[in-house]
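My plan was to look things up one at a time and jot down each answer.

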Amino acid sequence: MSPAPPPPSRARIRPWLVVGDLALAAAWVCAGALVKLLVYGPLGFGGRPEAEAVKVSLSIVYMFIFAWLEAATGGASYNPLTILAAAVASHGGPAVYLFTAFVRIPAQVIGAILGVKLIQYTFPNVGKGARLSVGAHHGALAEGLATFMVVMVSVTLKKKEMKSFFMKTWITSIWKNTIHILSSDITGGIMNPASAFAWAYARGDHTTFDHLLVYWLAPLQATLSGVWVVTFLTKPKKIKEQ
């Protein structure tokens, strides 16, 4: 009989990531807002067909920068869905789940709020973020489906342990931007509860049922479902005794 495969490594609590989460969440909302300001301002692409292509190109650039920052900080992130998926996929146990849900995610939310306040103070004409343009249930379905597809690709790449940083980041960046474009006219294609909450907080509609359903409940459920599906599909076959 062949020896049993070694048990998967468990995640551990790393308190210093909280600072990185807060800083990256603040920087992320600022980066997204600055790209829009640059495209529709100094570059003068407002209302032109090529504006979206320029936005996607700049988004890919700063996605590479943030991917490098995440690796450099040892796992800090700007997106609650990313760390939730990592905590669930790593089977880290209750302590890791509670630390993620009640410490790291609130830090990301606070960081995103600070980032929005900073960018609005610096550039008052930055706007008020993406808004829901359909009904709550339609929006929840769209945001949940978009999140589900992004999480499946991200978790699959992580489980395959792709060694090439460039290829891994390139695939996830292109995929995220594609899903963002497809869902942008419905929910804004945010797929980031912290960023969505920060802009909603600035507008004053962060406690509405529509916001909680579309930008929190739907993406969180989609993330858990995506991790479960990938884990089920990539589960190694049991070694049977001959």
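How does Gly74 count in terms of relative accessibility? I looked it up: Gly74 is partly exposed, because its relative accessibility is 33%. (My cut-offs: buried is under 20% relative accessible area, exposed is over 50%, and partly exposed is in between, with a 1.4 Å probe and protein chains only.)

Before going on, I noted that this is a predicted model, where local features need pLDDT of at least 70, side-chain atom pairs count only at pLDDT 80 or more, and totals for chains, interfaces and linings use all residues. I also noted that residues are numbered from 1 along each chain as its sequence is written, and that side-chain values use heavy atoms, with hydrogens and water left out.

**Entry: Gly74's surroundings.** I found Gly74 in the loop between H2 and helix H3 (80-89). Helices here are DSSP runs of H or I with at least four residues, strands are runs of E with at least two, and both are numbered from the N terminus. Gly74 touches Arg14 and Leu17, leaving out residues up to four places away in sequence; contact means heavy atoms within 4.5 Å.

**Entry: the whole chain.** I counted helices and strands next, and the protein chain has 8 helices and 0 strands. Its radius of gyration is 19 Å, close to the 18 Å from the globule rule for 242 residues, so the chain is as compact as a globular protein of that length. (That radius is taken over C-alpha atoms, and the rule is 2.2 Å times the number of residues to the power 0.38.) I put the C-alpha box at roughly 70 × 35 × 35 Å along the principal axes. Of the 242 residues, 42% count as buried.

**Entry: salt bridges.** How many salt bridges does the structure hold? I got 3, with a salt bridge being a side-chain nitrogen of Lys or Arg within 4 Å of a carboxyl oxygen of Asp or Glu.

- Asp21 and Arg104 meet at 2.6 Å, N to O. This pair links distant parts of the chain, with Asp21 in helix H1 (residues 17-40) and Arg104 in helix H4 (residues 94-122), 83 residues apart. Both are buried.
- Glu52 and Lys55 pair up at 4.0 Å, N to O. They sit 3 residues apart in helix H2, about one turn of the helix. Glu52 is partly exposed at 31%, but Lys55 is buried at 14%. Beyond its neighbours within four places, Lys55 contacts Val35, Lys36, Val39 and Tyr40.
- Asp205 and Arg203 meet at 3.3 Å, N to O. I have Asp205 as partly exposed at 23%, and Arg203 as partly exposed at 21%.

Entry: Met191 has a phi near 55 degrees, a positive value in a residue other than glycine. I traced Met191 to the loop between H6 and helix H7 (193-203), and it is buried at 9%.

**Entry: the UniProt record.** I saw that an unreviewed UniProt entry lists "transmembrane region" at several stretches, including residues 136-157 and 213-233. Such annotations may be inferred rather than shown by experiment; the positions follow the numbering used here and feature names are shortened. In the model, residues 136-157 are 100% helix, with end C-alpha atoms 31 Å apart. Residues 213-233 are 100% helix as well, with 28 Å between the end C-alpha atoms.
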